[in-house]
Amino acid sequence: MTDIQELVGGLVKKFGHKRENLLPVLQGIIEKERSLSDFAMVEVAKQMGISAADVYGTATFYSFMDTEPRGRYVIRVCKTITCFMKGKNQILLALEDSLKVKLGETTPDRRFTLLETNCLGWCHKAPAMLINDEIFTELTIEKVHEIIGEYKNK
Amino acid sequence: MGKNMLKRIDLIFKNEHDCDIILEKIFKRTNEELINDLIGSGLKGRGGAGFPTGLKWKLTSEAKGEAKYVICNADEGEPGTFKDREILTQVPHKVLTGMAACGRIIGAKKGFIYLRAEYNYLKPSLQKEIDTFHETLKKLKSDFRIEIFSGSGAYICGEESALMESMEGHRGEPRNKPPFPTDAGYLGQPTVVNNVETLAHCWTIFKHGPKKFRDLGVQDSRGSKLFSISGDTPTPGIYELELGMSLQDFVDDFGDGDSKAVQVGGAAGFCVPRKKFRETAIGYQGKLTGISLPTGGSMMIFNSSRSMYNVLKNYLEFFEEESCGQCTPCRVGCQQLLRGIEAVKRGDKPHYYLTKLLRLTETMKMTAKCGLGQSVANSFSSIVENFREEMIY
């Protein structure tokens with residue numbers, strides 16, 4: 001058995017085979033792997049007795065269920081109105097500069113992926129971004145370099 | 001500012017922790033008494049739609065089903081809204097108590113908190129709070145249990161039927177209504193879906209009585225409401241205010257002295273220009289004079305340095321991405337509106353093309369399957385009609 005098969009097996013055992021457990025199972029894979037590979041989705045389909053097309057169709061609906069390979073740290077910069085007004089473009093430029101990748105790309109060492117996302121619910125402390133499940137608010141260019149510096153050393 | 005300050009209310013975040021005492025009190029009373037208190041309080045859904053909460057619980061309690069469910073909608077995704085996150089951080093026990101009260105009244109043994117993925121960091125503390133709450137319930141011999149269900153990044157899942165589709169392991173595509181969740185919700189069973197804030201208000205109503213809540217607000221808009229205030233304001237943040245205030249008073253209190261527009265109710269809401277601040281009140285449709293606008297609490301203030309074209313473009317990009325794609329009016333409509341205003345701005349289309357786009361929003365309002373597609377017309381028409389020159393030049 002491969003690692004993925006084992007991971008899926010564990011998750012299906014934990015949450016159950018029913019269709020209503022599909023999201024928790026897929027979320028469990030994302031938590032470990034940061035994205036859903038074709039292999040993982042087919043494995044979920046097999047083990048839960050759902051068609052692979054259904055698994056794929058469901059997964060691709062949700063913006064936090066990436067089916068493209070992602071880095072260990074997925075950065076999501078809020079692009080909705082208040083963050084936009086408070087300078088999210090400068091934040092994005094600072095991130096591109098610090099990581100040496102463009103929006104949507106992953107660093108060659110597979111550590112960071114840089115994405116945008118819709119409203120994170122921190123409009124009163126804009127601009128904001130998520131790194132995996134950690135939130136950073138009231139961002140400045142200096143703050144961005146500091147945060148990325150810390151993550152690079154993790 | 002200063003002399004025109006709106007009255008701050010302190011009910012939701014009030015430091016009260018006596019879950020056991022309140023639950024004991026609730027469990028001793030009859031369902032009828034409890035529902036009458038809720039209806040008497042005038043509480044309406046705080047997610048924005050404004051359905052009377054007491055009536056929703058009553059309908060679900062009367063519906064027949066093998067099992068019933070209570071769902072707390074914590075998929076707070078409307079641009080400019082962030083109050084539910086604060087409630088779940090500061091006073092989650094009030095929400096849990098509201099859920100348990102609902103469970104007892106409608107006869108549900110299971111409750112879910114549908115928490116958006118963007119708030120995943122709340123999970124550990126919330127789970128701890130749920131564990132403590134379960135201990136309290138056990139002592140009171142209640143077998144009601146609450147679970148967190150995580151979303152995965154989809155605005156549309158804040159729509160209750162899409163939310164339940166998502167919980168059932170499907171794409172978050174809204175269902176046809178009727179049947180309503182009160183009859184056929186999660187797994188086809190009678191289900192109450194309430195916003196986080198609505199459930200927290202139940203605490204106040206059951207602890208202090210319906211009068212305390214009802215005494216606040218005006219006419220059909222009773223009680224207080226949390227407002228998420230952002231944009232061009234010196235004092236962004238979360239404020240509990242009485243319903244029924246005029247937008248002028250709001251801007252006098254929270255604006256920066258140069259406010260040209262307020263977006264009430266997020267991207268799905270209405271944009272009110274300066275000249276209409278005085279005649280606009282914040283509350284549910286009812287006997288308010290002038291225009292009354294409902295809101296889930298999102299209040300975004302724009303000053304004269306902002307281009308309303310950029311604001312509308314940002315909203316349309318949002319809707320284009322978040323449209324579930326299931327029905328054509330919304331899927332294609334959002335794309336065409338965005339392309340349309342870009343073309344007018346570039347000069348590729350004449351200014352009267354905006355009138356055509358306004359007609360398209362009317363069609364979307366009539367034919368889109370759910371609130372998302374129907375409400376794009378709100379911000380689009382209120383911005384295009386009031387700031388037409390900014391769309392063109």
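Figure 1. Count the salt bridges across the interface of domain 1 of chain B and domain 2 of chain B, and you get 0. Here a salt bridge is a side-chain nitrogen of Lys or Arg within 4 Å of a carboxyl oxygen of Asp or Glu. This is a predicted model, in which local features need pLDDT of at least 70, side-chain atom pairs count only at pLDDT 80 or more, and totals for chains, interfaces and linings use all residues. Residues are numbered from 1 along each chain as its sequence is written, chains are lettered from A and ligands numbered from 1 in the order in which they are written, and side-chain values use heavy atoms, with hydrogens and water left out.

Figure 2. Domain 1 of chain B brings 12 residues to the contact and domain 2 of chain B brings 8, where contact means heavy atoms within 4.5 Å. Together the two domains of chain B bury about 830 Å², with 68% of it on carbon and sulfur atoms. Buried area is the accessible area (1.4 Å probe) that two parts lose on being put together, summed over both.

**Figure 3. Now look at where chain A meets chain B.** In this view, 31 residues of chain A are in contact with 49 residues of chain B. The two chains, A and B, bury about 3,100 Å² between them, and 57% of that is on carbon and sulfur atoms. How many salt bridges are there between chain A and chain B? There is 1, and Lys79(A) makes it with Glu321(B), their closest N and O atoms being 2.4 Å apart. Polar contacts between chain A and chain B come to 24 residue pairs, both residues at pLDDT 80 or more. Helix H2 (22-33), helix H4 (52-59) and helix H5 (81-85) of chain A each give two or more residues to the side that touches chain B. Helices (H or I, at least four residues) and strands (E, at least two) are DSSP runs, numbered from the N terminus. That side of chain A is made up of 16 nonpolar, 10 polar and 5 charged residues.

**Figure 4. A salt bridge links a helix and a strand in chain A.** Lys88(A) and Glu116(A) meet through their side chains, 2.7 Å from N to O. Lys88(A) sits in helix H6 and Glu116(A) in strand E2 of chain A, so to speak distant parts of the chain, 28 residues apart. Over all chains, the whole structure has 33 salt bridges.

**Figure 5. Two rings meet edge-to-face in chain B.** Over all chains there are 14 aromatic pairs. Rings of Phe, Tyr and Trp (its six-membered ring) pair if their centres lie within 6.5 Å; planes under 30 degrees apart count as stacked, over 60 as edge-to-face and the rest as tilted. Phe112(B) and Tyr186(B) have ring centres 5.3 Å apart and planes at 70 degrees, so this pair is edge-to-face. Phe112(B) is in strand E2 (residues 110-115) and Tyr186(B) is in the loop between helix H7 (160-167) and strand E4 (191-195) of chain B, so the pair ties together parts 74 residues apart in sequence.

**Figure 6. Some backbone angles here deserve a look.** Most residues other than glycine have a negative phi, and most peptide bonds are trans. The bond from Ala126(A) to Pro127(A) is cis, with omega near -10 degrees, and Pro127(A) is in the loop between strand E2 (112-117) and strand E3 (129-131) of chain A. Arg110(A), not a glycine, has a positive phi of about 60 degrees.

Terms used: A polar contact is a pair of N or O atoms within 3.5 Å; within protein, one must be able to donate a hydrogen and the other to accept it, and residues adjacent in sequence count only if both atoms are side-chain atoms. Ala, Val, Leu, Ile, Met, Phe, Trp, Tyr, Cys and Pro count as nonpolar, Asp, Glu, Lys and Arg as charged, and the others, Gly among them, as polar.
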